[in-house]
Number of protein chains: 2
Amino acid sequence: MLAHAQASPTFDTARASALRNAPAPSASSLEGHLSRAPLRSFGAKEHVFTEGDPRANLYRLESGAVCLYKVMPDGRRQVLGFAYAGDLIGLGSSAEHQFNAQATKNSELRILPWSLAQRIARTDPEFGFKLYEAAAQELAAAHDLLLTTGQRTAMESLAAFLLAMARRGRRAKDGHTIIDLPMTRSDIGDFLGLTIETVSRTFTKLRQLKIIDLAQCTQVHVLDMDALEDLAQGEAG
Amino acid sequence: MLAHAQASPTFDTARASALRNAPAPSASSLEGHLSRAPLRSFGAKEHVFTEGDPRANLYRLESGAVCLYKVMPDGRRQVLGFAYAGDLIGLGSSAEHQFNAQATKNSELRILPWSLAQRIARTDPEFGFKLYEAAAQELAAAHDLLLTTGQRTAMESLAAFLLAMARRGRRAKDGHTIIDLPMTRSDIGDFLGLTIETVSRTFTKLRQLKIIDLAQCTQVHVLDMDALEDLAQGEAG
DNA sequence: CGAACCATTGACCACCTTCAATGCGAGTGG
DNA sequence: CCACTCGCATTGAAGGTGGTCAATGGTTCG
């Protein structure tokens, strides 16, 4: 019998936390090169790149937030994740980007041309391995999201999502956690594979269950963290 | 206005094709080390590793097929992908495996301890970059699957899945493609986020629409490839 | 031959979507 | 200052897609 370890509902969209968690805090080669790379600003709603663009650069988000998504011909959208400060953007193996990256607010990114990156990778053994760790981190996040879109109900999805956001926000106040949601209901819906109406209704249900409280629609107070965790794992009715 | 490039319904589960497509056919370092790594056999239904196991080894599948999946506490299962000969298994950034890998038939895998891999990566610049490319390839597959589980209908999902399988099988006969499905309806369902009943019913509908024909339940004849492609992109009723 | 597993089909129903109306807040211009 | 608009969130009603439960048939294996 297979020992089913708990599937952790992390959605850890921290794309380069492998980097941040590096055992050696001495500036890694990737870190070193990136910190010297030129900085560019993007306005809210501006695209860093779109699907089909040549994959010319590796980016690191310095400030702001970026939404990664795919679209179908009829406009249906799947959000793949959100990037925050410190995250690498533009990892991939093909010649062209396979998804879109759009700043959700004013953002600053460091830009490292892939041509240069490949040159570095050829001489610096650590560099390629750092890239690998960042990609593997993203892969784990994608796998977590797959569990949600494929198996979880709307309630379970939103609970798992809120837990993941709580884990990166972690602003505690008078006992219970406060979560800031720097994205719209539409972003959340397209992330979880739900409509905005379902997202909104599920927020309402969570409020009625006294599990969360909504100060504004962008700020969630977690009243019962245990219940939220049970919900995310499908252990509640 | 954003130029919406066609979202390619690939599901390219070929995990290490970055490797196979390497421009230099000269044995890469990864290739070289792996070809010298010890070989181990796994019987059908045997697990290569399970979620929570220490991530001790990097594997390459030499023959057979391996199913990668996550499970929820109540038994719901999400298949993340299928690995075939040549694919790398066991990529990740955490200390423990975050999903299960189960041989679906008798399989042989080469085993390279991560401790050794990290030592190689420290000296061989190409090695880490190859790992990165393999991880990025898997990431793209996961993103494609997300589009399916998150946005596509059952019909669209199955069409996209069949197209992806056709792309890797490609056995043509008297004009139309033949697809072999080396997995059960349950595997397909858990992959696409559907139940086996829905998968079965959707196969039946595709047959009634004269888009496919089912010789056996494991062999699909594609009668109308264009219609299948339209379906996968949501461009048909 | 029986057992076990898998696939198919049917009936029913629940969850989520769709369509629609309302409310709310920010930004803009009269 | 206020009316207007626009975008976003919420809520309601109706409908459909896919899930659940159940029965049947086919295939493989012991």
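Modeller: Two strands pair if DSSP finds at least two bridges between them. Helices (H or I, at least four residues) and strands (E, at least two) are DSSP runs, numbered from the N terminus. This is a predicted model, in which local features need pLDDT of at least 70 and side-chain atom pairs count only at pLDDT 80 or more, while totals for chains, interfaces and linings use all residues. Residues are numbered from 1 along each chain as its sequence is written, chains are lettered from A and ligands numbered from 1 in the order in which they are written, and side-chain values use heavy atoms, with hydrogens and water left out.

Colleague: How do you know that S9(A) and S10(A) pair?

Modeller: Strand S9 (residues 171-173) and strand S10 (residues 176-180) of chain A are joined in the antiparallel sense by 3 bridges, and the criterion asks for at least two. Within this pair, Lys173(A) lies opposite His176(A). The two strands make a hairpin with 2 residues between them, and Asp174(A) in the turn has a positive phi of about 30°.

Colleague: What makes S12(A) a partner of S10(A)?

Modeller: Again there are 3 bridges, in the antiparallel sense, between S10(A) and strand S12 (residues 219-222) of chain A. Ile179(A) faces Val220(A) across this pairing.

Colleague: In what order do the strands of this open sheet of chain A stand, and which are its edge strands?

Modeller: The 4 strands of chain A follow the order S9-S10-S12-S11, with antiparallel pairing. S9 and strand S11 (212-216) of chain A are the edge strands, since each pairs on one side only. From one strand to the next the twist averages 30°; axes are lines fitted to C-alpha atoms, for helices over the stretch in contact, and angles run from 0 to 180 degrees between N-to-C directions.

Colleague: What makes H5(A) a helix that packs on the sheet?

Modeller: Helix H5 (residues 154-169) of chain A touches S9, S10, S11 and S12 of chain A, and its direction makes about 95° with that of S10(A). Contact here means heavy atoms within 4.5 Å.

Colleague: Why are S9 and S11 of chain B said to stand at the edges?

Modeller: In chain B, 4 strands form an open antiparallel sheet in the order S9-S10-S12-S11. Strand S9 (171-173) and strand S11 (212-216) of chain B each have a single partner strand, so one side of each is left without a neighbour in the sheet. S11(B) is joined to strand S12 (residues 219-222) of chain B by 4 bridges, and Asp213(B) has His221(B) as its bridge partner. Helix H7 (residues 196-208) of chain B lies across S11 and S12 of chain B, at about 120° to S11(B).

Colleague: How many residues of each chain are in contact, and what area is buried between chain A and chain B?

Modeller: In contact are 63 residues of chain A and 62 residues of chain B. The buried area (accessible area, 1.4 Å probe, that two parts lose on being put together, summed over both) is about 5100 Å², with carbon and sulfur atoms giving 64%. Tyr132(A), Leu146(A) and Gln151(A) supply 13% of the area that chain A buries against chain B, more than any other three residues.
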